[in-house]
Amino acid sequence: MKILFLTISYWPSQDGVSQVMQYLAEGLAKKHEVRVVAGLSTFSRREEHNHVRIDRIKAARNRYFCYFQGEKALVKNYIMEYQPDILAVVCVQSWGYDWFKRQLNSLPGKKVLLTHGASCLKEYNVWEQVKKIRPRRQIIADLVRVGNERYWKRYQKTLPADIARFDLAAYLFENDILYQYMCKSGLKNGMILENAVEDSFFERKAYLIDSTKELVFINVSNYEKRKDQAKILSAYAAANLQGTGLVLIGSKENEYYRELVEKKQEIEKKTDFRGKIEILAGISRNEVRERYREADVYVSASSWEAMSISICEAAAAGLLILSTDTGHVSQIPGAQLFETQEELTQLMKRAYEEPDLRRENGMLANAYAEEKYRTQKKVDLLEQKMLELTITKDKRDIV
């Protein structure tokens, strides 16, 4: 098959979507011809990596009117010149989806949508935003907010009709709110394709407790308010556990990163603080793997997640998982859920005091990951579904 992916990000980016797309594209490239069109970011326009050709384009969502602007015509040229058997769009609310969701019938190949959740499924109330408008200097900001509310409300309403145009739509897990929404809307083109993690993470086996090393809590996620690393810092400071460490890892430094560093410095000024905190940004993927090999407990305080790759990695590594009830985490056996900072502090203390708890729950998470999160299983499943689509097409062509 000739397969073309349109994705918001790709290698060498290290976000969750990039990691998933890399193992899928490179896995399929062992047997098929695979190309990727991704967002430009700071990388080169064109290169090849592990037998996958990568083209990068400019695309950005207009902050005032919400729609994407960029090199749409260039992307369409890539599609028409390549004539793929499978045209795979990655993520709703992406430039690939927004630009071509109404033009799929005019493009070559079978159409596949790989979703990674959706943040546009909340309640929208345009009238409430209109009532907040006041004749003042910030009236432009008020009008933009009303326009955004209207845009996303309409976007949400048209999701079922737009996704129905795809021959196949893959969702992260059965309780994914996007999947549930499409099922209630009567769509029959869906399948479940969970995220997976690199085989190296399964080597950690953190449930084999080493009592001679310090206990390490870890969080790996972008530095942003939604991830709420500040809550993790506060909870760890309140737990004040001697002989332990907390490691936060993000892709790059930004304003929120600097806020966290300031908070870390304030915590460390306290004379009775007995822990150790590291806040890292922009480290290599190999360094991230090394940090997982030293970690014992994964902590997530996110207010929203689709299916966190980092939590999947933690499960594969056999770490005890402490998390808010977001995304798929409640499905992982042994994961400990919390709502408040105080509850997280208590869970951290318990993890410190009860190694048997870490051992038992880490083993449960690891066993679940062995069944669910192996990359080759995901590549094989997606390949099978794609082949079925192209075989169906070929049979129609013969008739």
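Colleague: Is Lys101 buried or exposed in this one?

Modeller: In this predicted model, Lys101 is buried, because its relative accessible area is 8%, which falls under the 20% cut-off.

Colleague: Which side chain does Lys101 meet in a salt bridge?

Modeller: The side chain of Lys101 meets that of Asp162, at 3.6 Å from N to O. The pair links distant parts of the chain, since Asp162 sits in helix 5 (residues 139-163) and Lys101 lies in the loop between helix 3 (95-100) and strand 8 (110-114), 61 residues apart. Asp162 counts as buried too, with 2% relative accessibility.

Colleague: What about Asp162 and Arg165, what distance do you get?

Modeller: Their side chains form a salt bridge at 2.5 Å, N to O, and Arg165 is partly exposed, with a relative accessible area of 34%.

Colleague: How many salt bridges does the structure hold, and which residues are linked with Arg53 in a network?

Modeller: The structure holds 31 salt bridges, and one network of them links Arg53 with Arg35, Arg46 and Asp55. Within that group, the side chains of Arg53 and Asp55 meet at 3.0 Å, N to O; Asp55 is buried at a relative accessible area of 0%, whereas Arg53 is partly exposed at 25%.

Colleague: Switching to strand 12, how many of its residues are buried?

Modeller: Seven of the seven residues in strand 12 (residues 244-250) are buried, so that the strand is mostly covered. Thr244, Leu246, Leu248 and Gly250 point one way, while Gly245, Val247 and Ile249 point the other way, and all of them are buried.

Colleague: And which residue of strand 12 is the bridge partner of Asn219?

Modeller: Asn219 has Leu248 as its bridge partner, and strand 11 (residues 215-220) runs parallel to strand 12, joined to it by six bridges.

Colleague: Last one, why call helix 1 largely enclosed?

Modeller: Twelve of its 13 residues are buried, so the rest of the structure largely encloses helix 1; among the buried ones are Val17, Met21, Tyr23 and Leu28. At the start of helix 1, a side-chain oxygen of Asp15 comes within 3.2 Å of the backbone nitrogen of Val17.

Notes
Residues are numbered from 1 along each chain as its sequence is written. This is a predicted model: local features need pLDDT of at least 70, side-chain atom pairs count only at pLDDT 80 or more; totals for chains, interfaces and linings use all residues. Side-chain values use heavy atoms; hydrogens and water are left out. Buried means under 20% relative accessible area, exposed over 50%, partly exposed in between (1.4 Å probe, protein chains only). Helices (H or I, at least four residues) and strands (E, at least two) are DSSP runs, numbered from the N terminus. A polar contact is a pair of N or O atoms within 3.5 Å; within protein, one must be able to donate a hydrogen and the other to accept it, and residues adjacent in sequence count only if both atoms are side-chain atoms. Two strands pair if DSSP finds at least two bridges between them. A salt bridge is a side-chain nitrogen of Lys or Arg within 4 Å of a carboxyl oxygen of Asp or Glu.
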